[in-house]
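Me: I would like to go through a structure with you. Could you take my questions as they come?

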Amino acid sequence: TARGMATGAAAKVLPEVPKVGVIGMGLMGHGIIQVAAQAGFDVVGYDAFPGAADKAMERINGSLAKQTGRAVQKGSMSEAEAAASVESTVARISHSGDMDALKGCSLVIEAMPEDIALKRKVWTDLQAATAGTDPILATNTSSLQLADMADSTGCPDRFVGLHFFNPVQLMRLVEVVRTDDTSEAAVDVACRFVEAIGKTPVMCKDTPGFVVNRLLVPYMAQAMAMLDRGEADVAGIDAAMRLGAGYPMGPFTLADYVGLDTCLSILRGWTEKYPGEPAFIVPDVLVRMVEAGHYGRKSGRGFYTWD
Ligand code: CAA
Ligand code: NAD
C-alpha cells in the first residue's frame, strides 16, 4: 500500500481519516505505532524528547526484521515480499517533536510515563493542537483512573482507555476502558480499532488496574516481598512460577520486562490512593532497585542483567 492509502480494515474503522497519533514513543508507544502501521493505518508519533523517535524507529525496524525473518524462514514469505512489507509499514509512519503534527488524526493514543500531572498537561495542550478535528482520545495508562484526567481532555465523551500489553507486538489483548462519560460511539471505534490491529478487546470499568494489572501487579509485589523476607531467591521464585504454575515468565523477569520504574509508580500511586487495600504494597527491594537506577530490561539492569 502506498503511503496515504490505508488498507480496507483501517479505512473501515476510521473512515474519514485513517490516521492514528501516538504520544510517547517509548517501550509501549513504539509497539503501538508498529502494530497500527502494520494494520494499514497511517501513524504519526510524537515524543517531546530528542532521540526518542530515532530509538523507537530502531526498535520498530528490529521487530519487523525479526517477524519477517521468521516468516521467510518458515517459507510463508519470500525475501522480496518481506522487504516490501517492511518498507510499506515503515512508510506509513511519520514522527515529530511538535505536537501540532497530531492535527488531522482521528484517534490519538497516549503512551507517556505513568504520571497524572504530565498526562493532564499534555491532554490540555492537545486541545489547541487538535481544535476542530474532534479525534477519539485514548490513554494507555496501566493504573491511573481515567476519571482523574477526563476533564483535562476537554471532551470526556471522546475519551477511552486502550490498555495494551508488553510486548505489544506479541500480546493479543487490549483492555478497552470506559468511564460514565464515554460515548457509545467512542467505545465502538476503540473496539473496532483493536480488532483491526488483530487483537481482542475486553471491556473494563475505570477501576485500579482494570482486570489484568489488578491481578498481575499485586502478584509481582508479593514475589518481591517474599524476596525481602529472604524466603527464596530471584531465580528460584521465577523457576517456581514457570515450572509450577505454567507462567511464561516468572514474576521478576516480568517485572524487569514491564520496567521497575513503572511497577514502582503504579504501586506507589495505589498505596497512596487506596490505603485500605492490603493487596497494594511497595516492596523495599523495588524502591532500592529504582533508586539505584536499575529499571529492568530498558536500562540494561534490573533483577537480571540484560543485553
Ligand atoms: N517484536 C517482534 N518479535 C518479537 C518481539 C518483538 N518485540 N519479542 C519477541 N519476539 C519474537 C521472538 O524473537 C520469537 O521469535 P522466534 O519464534 O522466531 O524465535 C517469538 O517472538 C517468541 O519470543 P520468545 O522466544 O521470547 O518466546 P516466548 O514463548 O518466551 O514468548 C512472550 C515471549 C510472549 C513475551 C512470553 O514470554 C509472555 O507471554 N510473557 C509474559 C508477558 C506478559 O505477561 N506481558 C504483560 C505484562 S503486564 C503489561 O504489559 C501491562 C502493564 O500495564 C504493566
Ligand atoms: P517509557 O518511559 O518507555 O516511554 C514513555 C515515552 O514518553 C518516552 O519515550 C518519553 O520520552 C515520552 N515522553 C515523556 N514526556 C513526554 C511529553 N511531555 N510529551 C511527549 N512524550 C513524552 O514508558 P512505557 O513503559 O512505554 O509506558 C508508557 C505508558 O504505558 C504508561 O502510562 C504505562 O503505565 C503504560 N503501560 C506500560 C506497560 C509496560 O509494560 N511498561 C504496559 C502497558 C501500559
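Me: Which residue just after helix 2 takes a positive phi?
Reply: That residue is Gly40, with a phi of about 105 degrees. Helices (H or I, at least four residues) and strands (E, at least two) are DSSP runs, numbered from the N terminus.

Me: What conventions apply to the model?
Reply: This is a predicted model, in which local features need pLDDT of at least 70, side-chain atom pairs count only at pLDDT 80 or more, and totals for chains, interfaces and linings use all residues. Residues are numbered from 1 along each chain as its sequence is written, while chains are lettered from A and ligands numbered from 1 in the order in which they are written.

Me: How many residues of helix 2 are buried?
Reply: Twelve of its twelve residues are buried, meaning that 20 or more other C-beta atoms, placed from the backbone, lie within 10 Å of the residue's own. Among them are Leu27, His30 and Gln38.

Me: And which elements do those buried residues pack against?
Reply: They pack against strands 1 (19–23), 2 (42–46), 3 (93–96) and 4 (107–110), and against helix 3 (52–74) and helix 4 (79–91).

Me: Changing topic, how is the chain divided into domains?
Reply: Domain 1 covers 8–204 and domain 2 covers 213–299; the bounds come from an automatic or database domain assignment. Their C-alpha centres lie 27 Å apart.

Me: What does each domain bring to the contact?
Reply: Domain 1 gives six residues and domain 2 gives ten, a contact being two C-beta atoms, placed from the backbone, within 7 Å.
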